[in-house]
Amino acid sequence: YCKDEQMLTRVIRATFNQRRKTLVNAIGNAPNLNISKEMVAEVLSEMGESATVRGETFTLEKFADFTNKISKKLR
């Protein structure tokens, strides 16, 4: 369950907007998100994921968890 569905949609779109990119690069380079690559890597580490993970390996539940954690850090 994601607390911010609009943010979830933006994260997923950014992830798949650029083919064959790691989540760190895809989300860190997304102009509409304003999330640093360092923050993405930090959240992935907290989730037990590698910084080189790609979006296609994430389930919807993992995207929701990731988005919740990112949203919390942005507040």
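Which helices do the buried residues of H3 pack against?

1. First, some ground rules. This is a predicted model, where local features need pLDDT of at least 70 and side-chain atom pairs count only at pLDDT 80 or more, while totals for chains, interfaces and linings use all residues. Residues are numbered from 1 along each chain as its sequence is written, and side-chain values use heavy atoms, with hydrogens and water left out.

2. Now to helix H3, residues 37-46 (helices are DSSP runs of H or I, at least four residues, numbered from the N terminus). Its buried residues are Met39, Val40, Val43 and Leu44 (buried means under 20% relative accessible area, exposed over 50%, with a 1.4 Å probe and protein chains only). Looking down the axis of H3, these fall within an arc of 135 degrees, so they line one face of the helix (the arc is taken from the directions from the helix axis to the C-beta atoms).

3. Back to the opening question: the buried residues of H3 pack against helix H2 (23-28) and helix H4 (60-74). On the other side of H3, you'll find Glu38 and Ser45 exposed.

4. Have a look at Val40 in H3. Val40 is buried, with a relative accessible area of 0%. Leaving aside neighbours within four places in sequence, Val40 is in contact (heavy atoms within 4.5 Å) with residues including Leu23, Ile27, Phe66 and Ile70.

5. Thr22 sits in the loop between helix H1 (5-17) and H2. Thr22 is buried too, with a relative accessible area of 14%. Beyond neighbours within four places in sequence, Thr22 contacts Ala51, Thr52, Val53 and Arg54.

Definitions and conventions
Helices (H or I, at least four residues) and strands (E, at least two) are DSSP runs, numbered from the N terminus.
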